[in-house]
Amino acid sequence: MDASDASTRSCRDVQESDLSALLNIAHDTGLFTPDELDELLGDTLRGIFRGTLSKEHRARVVLQESSISGILEPAGWTYFAPSDDDNDDLRMDVYELYWIGVSHKAQRSGFGSILLNDCETLVREAGGLKLVIRTSSTPATSAARAFYADKGYEQSNTIVSDYYGPGDDQVTFIKSL
Ligand SMILES: CC(C)(COP(=O)(O)OP(=O)(O)OC[C@H]1O[C@@H](n2cnc3c(N)ncnc32)[C@H](O)[C@@H]1OP(=O)(O)O)[C@@H](O)C(=O)NCCC(=O)NCCS
């Protein structure tokens, strides 16, 4: 696969027909149990499709050309929205990237970079000044932490110990856009 070919790397809003492909990509990362997958990501995507989440909630997909069928298919996707602050008030100038994932076979080919650029552009256009990304401290997300650092995100000093479970801290990355 050649991610440098512009025809194979366009981003667009997710569509209802993408749902199973998007959940498969997230499932294959091994980061979610089936219940978490459906409750966290499935319900969010359904909320976007049905309009029960506000229009600031965006999910975007990057497409690649299938080497077998030649059809454009999802290689990865993002979900982002204005951030809730500690008082649960919406901050329209601070956005949070709640999910980014690229299918196993397409990783390290530039698709994550394309998705993050797309997210940053849309957040900037919506008036966002900062993008926040929270992730886990475990080896399962080491690629993501290296990726955020490579993309100019600064790791915050605030680490929430055992946030996701025993020995699984929450680490926060922030970038001014
Ligand atoms: C994080 C993720 C989205 C990156 O996507 P990707 O398409 O592989 O990223 P890119 O190819 O655009 O990588 C850009 C740069 O990030 C860094 N990077 C990406 N993956 C890395 C890895 N496994 N180890 C070290 N650095 C890495 C490198 O600097 C890379 O540039 P290079 O390939 O020229 O060295 C992908 O690894 C993924 O889907 N991980 C599983 C899901 C996940 O953890 N999501 C985050 C949950 S919070």
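**Notebook: core, helix pair, ligand shell and loops**

I began with Val62 and looked up its contacts beyond the neighbours within four places in sequence: they are Arg9, Cys11, Ala75, Gly76, Phe111, Ile114 and Leu115. I note at the outset that this is a predicted model.

**Entry 1. The nonpolar core**

I next looked up the largest nonpolar core, which has 31 residues. Val62 is among the residues with the most contacts inside this core, together with Val14, Leu22, Val61 and Leu115. I then asked which elements each supply at least two residues of the core. They are helix 1, helix 2, strand 2 (58–65), strand 3 (72–84), strand 4, helix 3, strand 5 (130–136) and helix 4. Helix 3 gives the most, with six residues.

**Entry 2. Helix 1 and helix 2**

I recorded the geometry of this pair, since two packed helices are described by the angle between their axes and the distance between the axes. Helix 1 covers residues 19–28 and helix 2 covers residues 34–50. The two pack at an angle of about 145°, and their axes are 11 Å apart. The crossing of helix 1 past helix 2 is right-handed.

Which residues of the two helices meet? On the side of helix 1, I listed Leu19, Leu22, Leu23, Ala26 and His27; on the side of helix 2, I listed Leu37, Leu41, Gly42 and Leu45. By class, the residues of this contact are seven nonpolar, two polar and no charged.

**Entry 3. The shell around the ligand**

I found 18 residues around the ligand, of which Gly112, Ser113, Ala143, Ala146 and Asp150 come nearest. Strand 4 (90–102), helix 3 (111–125) and helix 4 (142–150) are the elements that give two or more residues to the shell. Which element supplies the largest share? Helix 4 does, with five residues. By class, I recorded seven nonpolar, nine polar and two charged residues in the shell.

**Entry 4. Two positive phi values**

Arg108 has phi near 65° and lies in the loop between strand 4 and helix 3. Is Arg108 buried or exposed? Arg108 is exposed, because 10 other C-beta atoms lie within 10 Å and the limit for an exposed residue is 12 or fewer.

Asp162 has phi near 55° and is found in strand 7 (residues 160–165). Asp162 also counts as exposed, because it has 11 C-beta neighbours inside 10 Å.

I placed Glu16 in the loop between strand 1 (11–13) and helix 1. Glu16 counts as exposed because it has 10 C-beta neighbours inside 10 Å. From C-alpha to C-alpha, Glu16 and Leu45 are 8.1 Å apart in space, while 29 residues separate them in sequence.

I placed Ser69 in the loop between strand 2 and strand 3. Ser69 is exposed, because 8 other C-beta atoms lie within 10 Å. The C-alpha atoms of Ser69 and Asp150 are separated by 33 Å, and the two residues are 81 residues apart along the chain. Asp150 is one of the residues that come nearest to the ligand.

How values were computed:
Residues are numbered from 1 along each chain as its sequence is written. This is a predicted model: local features need pLDDT of at least 70, side-chain atom pairs count only at pLDDT 80 or more; totals for chains, interfaces and linings use all residues. Axes are lines fitted to C-alpha atoms, for helices over the stretch in contact, and angles run from 0 to 180 degrees between N-to-C directions. Helices (H or I, at least four residues) and strands (E, at least two) are DSSP runs, numbered from the N terminus. A crossing is left-handed if the near helix is turned anticlockwise from the far one by less than a right angle, and right-handed if clockwise. Two residues are in contact if their C-beta atoms, placed from the backbone, lie within 7 Å. Ala, Val, Leu, Ile, Met, Phe, Trp, Tyr, Cys and Pro count as nonpolar, Asp, Glu, Lys and Arg as charged, and the others, Gly among them, as polar. A residue is near a molecule or strand if its C-beta atom, placed from the backbone, lies within 6 Å of it. A nonpolar core is a set of buried Ala, Val, Leu, Ile, Met, Phe, Trp, Tyr and Cys residues joined through C-beta atoms within 7 Å. A residue is buried if 20 or more other C-beta atoms lie within 10 Å of its own, exposed if 12 or fewer, and partly exposed in between; C-beta atoms are placed from the backbone.
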